[in-house]
Structures are given as structure tokens and as C-alpha cells.
Amino acid sequence: MRLFIALQLSEEMKKTLVACMHDLKKQGVEGNYVSAQNLHVTLAFIGEYEDPSKVKAVMERVPFREFRMTLSEKGNFGNTLWIGVKGNQKLKSYVRELRAALKENGIPCDNDEFIPHITLIRKSSARKPYQAHLTKTEMMVKKASLMKSVQKNGAVVYKEL
């Protein structure tokens with residue numbers, strides 16, 4: 001099964017991001033928009049792995065300190081458009097410790113630099129300049145979640161394990 005560890009978003013934060021995506025559509029930004037229920041912050045992408053209990057055991061050993069998360073500016077990786085999450089030392093430390101613990105236990109995960117973000121649009125394109133309008137939104141993050149990707153009616157849906 002395809003696994004990843006993520007921060008799930010509050011309903012208020014999802015509403016802010018959905019409003020931003022509607023505004024981007026009105027401005028002519030095209031692409032594959034992420035559905036509201038799939039919006040999240042990926043902490044560690046594991047990929048195909050058949051033992052979620054082993055991943056959960058590692059997660060339980062890495063201390064998670066709750067923190068306040070705030071949306072920041074837009075950014076992109078190539079044609080993937082995202083909204084950043086304001087820099088937070090607790091989050092960056094947690095991700096560093098989590099990824100190290102996963103690797104120590106033989107669980108594969110990404111090695112890229114951690115840039116906290118929420119993907120809004122994949123394969124985005126626009127014929128003219130646009131702005132990502134966001135209202136200031138923040139939330140308390142109390143835990144990280146082990147997630148799996150499943151195909152449902154031809155779409156990818158993320159489920160917490």
C-alpha cells in the first residue's frame with residue numbers, strides 16, 4: 001500500500017485554501033486541482049510499503065510537540081502550485097527526527113529538503129500573471145497522521161490509518 005505521514009488540516013484552513021483555489025480558477029489558472037479532503041502537509045513520503053504497524057511504532061517513539069501553523073505565500077515546484085506554511089522550528093525538528101527514525105528502522109522515505117507546503121494544483125498553467133489571495137488562517141497541530149492513498153472511482157483519496 002502507498003503510505004505517507006502528514007498533517008491533516010482544520011476545516012477552517014481547508015475553507016481558506018478552497019476559496020483561494022476558486023479565486024485562482026477565476027483568474028484562469030488551469031491544472032489538476034487537489035480536492036478539499038486531500039489537502040494536507042506531507043512530512044515523510046514512504047511510498048509502497050506493506051507494514052503500516054511498523055511505521056506507526058516508529059511514529060509513537062518520536063515525540064510530537066503541538067504547535068501553531070499559519071499559511072504563508074504561494075510557491076511552486078515546476079508546474080505544481082502550493083501554499084507555504086510559515087517556518088516553524090518544532091515542525092522542522094520533528095520531521096528531521098521522524099525521517100531519521102524511519103530510516104534507522106529500514107522504512108524508506110524521501111530525502112529531499114523539507115519545505116512545508118500544501119499542494120493546491122498539479123500541472124498548473126496560466127496565460128497571464130495571477131495572485132494567490134489568502135485570508136490569514138492558523139490552526140493548532142496536535143499530531144501527525146499515517147495516511148494511505150487509495151483509488152476510488154478513478155480518483156485518489158487519502159485515508160488515515
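The second largest pocket of this predicted model is lined by 13 residues, among which Met59, Lys143, Ala144, Ser145 and Leu146 lie nearest its centre; a pocket here is an open set of points on a 1 Å grid over the protein atoms alone, where a 1.4 Å probe fits, with protein on both sides within 12 Å along at least five of seven lines, and a lining residue has an atom within 4 Å of a point. The volume of this second largest pocket is about 210 Å³, a volume being the space filled by probe spheres set on grid points that are joined across faces, edges and corners. Helix H2 (52-61) and strand S8 (145-152) each supply at least two residues of its lining, and H2 contributes the largest share, three residues; helices (H or I, at least four residues) and strands (E, at least two) are DSSP runs numbered from the N terminus. By class, the lining of the second largest pocket comprises seven nonpolar, one polar and five charged residues, where Ala, Val, Leu, Ile, Met, Phe, Trp, Tyr, Cys and Pro count as nonpolar, Asp, Glu, Lys and Arg as charged, and the others, Gly among them, as polar.

The largest pocket holds about 500 Å³ of space. Its lining consists of 19 residues, and those closest to its centre are His40, Thr42, Thr119, Arg122 and Tyr158. Two or more lining residues come from each of the strands S1 (2-8), S2 (30-33), S3 (40-48), S6 (117-125) and S9 (155-160), with S6 giving the most, four residues. Eight nonpolar, nine polar and two charged residues make up this lining.

Strand S6 also belongs to an open sheet of five strands, in the order S2-S6-S5-S4-S7 with antiparallel pairing, two strands being paired if DSSP finds at least two bridges between them. Strands S2 and S7 (138-141) form the edges, each pairing on one side only, and the twist averages 40° from one strand to the next. Within the sheet, S4 (residues 67-77) and S5 (residues 80-85) run antiparallel and are joined by five bridges, and Phe77 has Thr80 in S5 as its bridge partner. Helix H1 (residues 11-26) packs on the sheet, touching S2, S4, S5, S6 and S7 (contact means heavy atoms within 4.5 Å), and its direction makes about 20° with that of S6; axes are lines fitted to C-alpha atoms, for helices over the stretch in contact, and angles run from 0 to 180 degrees between N-to-C directions.

Residues are numbered from 1 along each chain as its sequence is written, and side-chain values use heavy atoms, with hydrogens and water left out. As the model is predicted, local features need pLDDT of at least 70 and side-chain atom pairs count only at pLDDT 80 or more, whereas totals for chains, interfaces and linings use all residues.
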